[in-house]
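Here is a short report on one protein. It starts with the whole chain and ends at a single residue.

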Amino acid sequence: MAAPSSSGVAESDLRLVALSLITEAPRRGYEIIQLIEEMTADWYLPNPNIVHPMLANLAEGGCLTASADPPRLYAITDDGRAFLEQNREAANAVVNRLRALGERVRRWRHALGMNNRMKDADADATESLVDVLARAANDLHRR
């Protein structure tokens, strides 16, 4: 079963996560998608149809530079660093939420004796996981 799509994270939050990841090293869109998927233990898969245009918009806005030839390699600019620094608290909160989600998914799988990735999980286990994660997200949001 595939991980949930980008509908689980607001685009503004996804933008902050992408900028944070690109600050670590220049990255391609697909790499950002993979890193977020790994961060969330394969539970959340950003939609490429959202990520790639978002990166292009960040480049047009001066926050990133992009290589000329696809697949584009994005690097952060001084303006992008300044924007990220102005939004550091929000960026850290989003990254920490995604990492906490991934940790919960890993613990849930371990508790169920599931060593396989979520993509290989059966429908009943996946439905149960979604319920658990929804409650966990609500708990985190209320804090």
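Buried residues (under 20% relative accessible area, 1.4 Å probe, protein chains only) make up 37% of the protein's 143 residues. This is a predicted model: local features need pLDDT of at least 70, side-chain atom pairs count only at pLDDT 80 or more, and totals for chains, interfaces and linings use all residues. Residues are numbered from 1 along each chain as its sequence is written, and side-chain values use heavy atoms, leaving out hydrogens and water.

The protein has 6 helices and 3 strands, which are DSSP runs (H or I, at least four residues; E, at least two) numbered from the N terminus. Along the sequence the pattern is α-β-α-α-β-β-α-α-α. Of the contacts (heavy atoms within 4.5 Å) between residues at least 6 apart in sequence, 63% join residues at least 24 apart.

α2 packs on helix α5 (residues 88–111) at about 55°, with axes 8 Å apart. Axes are lines fitted to C-alpha atoms over the stretch in contact, and angles run from 0 to 180 degrees between N-to-C directions.

| Helix | Residues in the contact |
|---|---|
| α2 | Ile36, Glu38, Met39 |
| α5 | Val95, Leu98, Arg99, Gly102, Arg106 |

Threonine 40 lies in the loop between α2 (29–39) and α3 (48–60). Is threonine 40 buried or exposed? Threonine 40 counts as buried because its relative accessibility is 0%. Beyond neighbours within four places in sequence, threonine 40 contacts Leu98, Leu101, Gly102 and Val105.

Note on methods. Buried means under 20% relative accessible area, exposed over 50%, partly exposed in between (1.4 Å probe, protein chains only).
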